[in-house]
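The following exercises concern one protein chain, to be read alongside its sequence and coordinates.

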Amino acid sequence: MLRFRSFQICKRTLATHPTPKQQELMARGLPKRAPLPGVTDIVVVASGKGGVGKSTISTQLALALRESGFKVGLLDIDLCGPSVPYLLGLEQSDVYQCDEGWVPIYADENKTLAVMSIAFLLKSRNDPVIWRGPKKTMMIRQFLTDVKWDELDYLIIDTPPGTSDEHITVMECMRDVKCDGAVMVTTPQGVALDDVRKELTFCRKTGVHVLGIVENMSGFVCPHCSNCTNIFSSDGGVELAKRSGVPHLGTLPIDPRLNVLIGTTRSVLTELPESNTAQIFKSIVKQITNGDIVNAVKD
Ligand SMILES: Nc1ncnc2c1ncn2[C@@H]1O[C@H](COP(=O)(O)OP(=O)(O)OP(=O)(O)O)[C@@H](O)[C@H]1O
C-alpha cells in the first residue's frame with residue numbers, strides 16, 4: 001500500500017521573475033504559454049521501451065541546459081520506476097505544498113534546476129506504486145498541473161516507458177499543456193526500434209510533435225584502446241529517423257563514466273568536457289535551443 005510522506009504546508013508565495021529567455025520572447029511579442037504558468041518550453045523524453053536510457057538522458061539533458069545558462073525544470077513522471085531523485089542524489093529531499101501547488105526541490109543554490117518526482121512523495125524508495133488506472137491518471141494530471149514551477153525556460157519531462165497506461169495518459173496530457181515536442185530515445189537493436197516506430201505513430205495520433213530521435217547505447221568505446229564495439233549493432237536510430245522523416249538528434253555510446261555521475265548534480269558537460277558523450281549532449285542542446293525545432297511547433 002502506498003504511504004505518503006507528511007507534508008508541511010508552505011504559505012509562502014513564490015516571487016516570479018521572468019528569465020532572460022522569457023524577457024526576450026516577451027520583447028518579441030511572443031506570448032508566455034498559458035497551461036503551465038511560468039514555463040516557456042516543454043520537452044518530453046519518451047521511448048517505446050524500458051531501460052533504454054530515458055531517465056539518464058532526461059537528467060543529463062536538464063543539466064546540460066542548465067550549464068548552457070537556462071533555467072530548467074525536470075519532472076519525473078515515471079510512476080513505474082521514478083529514478084531521477086536517485087540519479088541526482090536528491091532521494092532524501094522533502095517536498096512541500098504551498099497554496100499554489102507542490103514546491104519542487106532545487107538542485108542548486110541558484111535555483112537553476114528544479115526537480116519534481118513521484119519518488120519524493122513515497123515514504124520509502126522500495127514502495128511500489130500499486131494504484132489502479134483512474135488513480136494513476138489523476139496523479140499524473142495533478143503532477144503536470146499542480147507543481148509550482150518558478151519561471152522556467154525549459155521543463156524536461158521523463159515519462160514512463162512504452163505503451164503502459166500511464167505512458168498513454170502522460171502523452172495524452174501533453175496536448176493539454178501544449179508540449180513543444182518529444183525527444184525519442186532508442187537503443188540500436190531491432191526490438192527497441194520496432195517499439196519506437198510504434199511510439200512515433202502514437203505521437204502522431206495524440207498530436208505530439210517529435211523533435212527527433214536519440215540513439216543511445218550505440219557501441220561501447222573501450223576506455224583503454226578507444227576501439228568501439230557495436231554491442232547492439234549501430235545506426236538503427238539514424239535509419240529510423242531517416243525513414244520516418246524526423247531529425248536524428250545524436251548517437252550516444254555506452255559510456256561507463258556516465259555512471260560515475262549518478263547520485264550527483266554534475267553534468268557530463270562540466271565533468272567530461274572533452275568526451276564524445278559531452279559533445280553529443282552539447283549538440284542535442286543546441287538543436288533544441290536554437291529555436292528552429294521548437295518554433296516550428298509554435299508557428
Ligand atoms: N549512454 C549510456 N552509457 C552508459 N550507461 C547508460 C547509458 N544510458 C543509460 N545507461 C544506464 O542504463 C541503465 C538504464 O538507464 P535509464 O534508467 O536511464 O533507462 P530508462 O529508459 O529511464 O529506464 P526505465 O524504462 O526503467 O525508466 C542505467 O543504469 C543507466 O545508468
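Two residues are in contact if their C-beta atoms, placed from the backbone, lie within 7 Å. The model is predicted.

**Exercise 1. Overall content**

Determine how many helices and strands the protein has, what percentage of its residues count as buried, and what share of its contacts joins residues 24 or more positions apart.

Solution. Step 1: the protein has 11 helices and 13 strands. Step 2: of its 299 residues, 45% count as buried. Step 3: among contacts with a separation of 6 or more, 77% are between residues 24 or more positions apart.

**Exercise 2. The annotated segment and the ligand shell**

Locate Gly 53 and Ser 55, classify Gly 53 and Ser 55 as buried or exposed, and describe the residues around the ligand.

Solution. Step 1: an unreviewed UniProt entry places a "binding site" feature at Gly 48, Lys 49, Gly 50, Gly 51, Val 52, Gly 53, Lys 54 and Ser 55.

Step 1: Gly 53 belongs to the loop between strand 2 (39–46) and helix 2 (54–67), whereas Ser 55 lies in helix 2.

Step 2: a residue is buried if 20 or more other C-beta atoms lie within 10 Å of its own. Gly 53 has 20 such neighbours and therefore counts as buried. Ser 55 has 24 C-beta neighbours inside 10 Å, so Ser 55 counts as buried.

Step 3: leaving aside residues up to four places away in sequence, Gly 53 touches Val 185, Asn 216 and Met 217. With the same exclusion, Ser 55 touches Asp 78, Ser 83, Val 84, Leu 87 and Asp 158.

Step 4: of the 20 residues around the ligand, Gly 50, Gly 53, Lys 54, Ser 55 and Thr 56 come nearest. Helix 2 and helix 8 (256–260) each contribute at least two residues to this shell. By class, the shell comprises 7 nonpolar, 10 polar and 3 charged residues.

**Exercise 3. Packing of helix 4 and helix 5**

Describe how helix 4 and helix 5 pack, and state which residues make the contact.

Solution. Step 1: two packed helices are described by the angle between their axes and the distance between the axes. For helix 4 (residues 133–145) and helix 5 (residues 165–176), the angle is about 35 degrees and the axes are 10 Å apart. The crossing of helix 4 with helix 5 is right-handed.

Step 1: helix 4 contributes Gly 133, Lys 136, Thr 137, Ile 140, Arg 141 and Leu 144 to the contact, and helix 5 contributes Asp 165, Glu 166, Thr 169, Val 170 and Cys 173. These residues divide into 4 nonpolar, 3 polar and 4 charged.

Step 2: consider one pair across the contact. Gly 133 and Thr 169 are 36 residues apart in sequence, and their C-alpha atoms are 9.6 Å apart in space. Gly 133 is exposed because 10 other C-beta atoms lie within 10 Å.

**Exercise 4. Positive phi values**

State the phi values of Lys 111 and Lys 178, and where Lys 111 and Lys 178 are found.

Solution. Step 1: most residues other than glycine have a negative phi. Phi of Lys 111 is positive, near 55 degrees, and Lys 178 has a positive phi of about 50 degrees.

Step 1: Lys 111 is in the loop between strand 6 (105–106) and strand 7 (113–117). Lys 178 is in the loop between helix 5 and strand 9 (181–186).

Step 2: Lys 111 is partly exposed, with 13 other C-beta atoms within 10 Å. Lys 178 is partly exposed, with 15.

Note on methods: Residues are numbered from 1 along each chain as its sequence is written. This is a predicted model: local features need pLDDT of at least 70, side-chain atom pairs count only at pLDDT 80 or more; totals for chains, interfaces and linings use all residues. UniProt positions are given in the numbering used here, feature names are shortened, and annotations may be inferred rather than shown by experiment. Helices (H or I, at least four residues) and strands (E, at least two) are DSSP runs, numbered from the N terminus. A residue is buried if 20 or more other C-beta atoms lie within 10 Å of its own, exposed if 12 or fewer, and partly exposed in between; C-beta atoms are placed from the backbone. Axes are lines fitted to C-alpha atoms, for helices over the stretch in contact, and angles run from 0 to 180 degrees between N-to-C directions. A crossing is left-handed if the near helix is turned anticlockwise from the far one by less than a right angle, and right-handed if clockwise. Ala, Val, Leu, Ile, Met, Phe, Trp, Tyr, Cys and Pro count as nonpolar, Asp, Glu, Lys and Arg as charged, and the others, Gly among them, as polar. A residue is near a molecule or strand if its C-beta atom, placed from the backbone, lies within 6 Å of it.
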